[in-house]
Amino acid sequence: MKNQAYRMALLYDFYGDMLTERQKEFYDLYYNEDLSLTEISENYGITRQGVRDVIVRAEGILTELEDKTGIIRRFHKMQAQFREIEAAVDSIYRRNEEKHQDDELELLCERIRGVLAQLKQE
């Protein structure tokens with residue numbers, strides 16, 4: 001269940017703006033605020049089934065967008081690649097410290113780390 005909640009949160013983070021205001025609100029209340037369908041229906045004066053229909057429709061839209069674009073899949077792949085680059089830079093930096101003490105190599109490692117930090121923020 002935890003994986004499903006994480007997946008739904010990611011879908012919402014990446015594609016939530018594609019939903020209607022009502023879909024966003026119900027989705028957020030259900031997945032992020034952990035309200036039950038009954039609680040949401042009571043707060044909005046509609047049936048539990050009506051709330052469920054809105055949430056299921058929103059899930060379908062978000063899932064379809066990910067299926068078509070693969071943005072989240074690529075995001076995860078990029079994060080793994082960033083970790084690999086970071087590990088390689090750390091290795092180069094340590095080797096330089098142990099054997100060469102080359103100031104230019106150290107500066108290059110710092111530049112790469114800076115670029116990685118910027119990429120991670122975007």
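Reader: Why is Glu 110 called partly exposed?

Author: Its relative accessible area in this predicted model is 37%. Partly exposed covers values between the 20% limit for buried and the 50% limit for exposed, so Glu 110 belongs in that class.

Reader: What makes the pair Arg 113 and Glu 110 a salt bridge?

Author: The closest N and O atoms of Arg 113 and Glu 110 lie 2.8 Å apart. The criterion asks for a separation within 4 Å, so the pair qualifies. Both residues belong to helix H6 (residues 103-121), three residues apart, about one turn of the helix. Salt bridges with shared partners also join Asp 17, Glu 21 and Lys 24 into one network.

Reader: How do you know that Lys 24 is paired with Glu 21?

Author: Their side chains meet at 3.2 Å, N to O, and because the limit is 4 Å, this counts as a salt bridge. The two residues are three apart in helix H2 (residues 21-32), which means a separation of about one helical turn.

Reader: Are Lys 24 and Glu 21 buried or exposed, and how is that decided?

Author: Lys 24 has a relative accessible area of 16%, which is under 20%, so Lys 24 is buried. Glu 21, at 56%, is over 50% and therefore exposed.

Reader: What makes Lys 68 and Glu 64 a salt bridge, and where do they lie?

Author: Their closest N and O atoms are 2.9 Å apart, within the 4 Å limit. Lys 68 and Glu 64 are four residues apart in helix H4 (residues 48-69), about one helical turn. Lys 68 has 65% relative accessibility and counts as exposed, whereas Glu 64, at 40%, is partly exposed.

Reader: How many salt bridges does this rule give?

Author: The count comes to six.

Reader: What share of the residues counts as buried?

Author: Of the 122 residues, 26% count as buried. The chain exposes about 8,800 Å², with carbon and sulfur atoms supplying 50% of it.

Methods:
Residues are numbered from 1 along each chain as its sequence is written. This is a predicted model: local features need pLDDT of at least 70, side-chain atom pairs count only at pLDDT 80 or more; totals for chains, interfaces and linings use all residues. Side-chain values use heavy atoms; hydrogens and water are left out. Buried means under 20% relative accessible area, exposed over 50%, partly exposed in between (1.4 Å probe, protein chains only). Accessible areas come from the Shrake-Rupley method with a 1.4 Å probe; for residues, only the protein chains shown count as cover.
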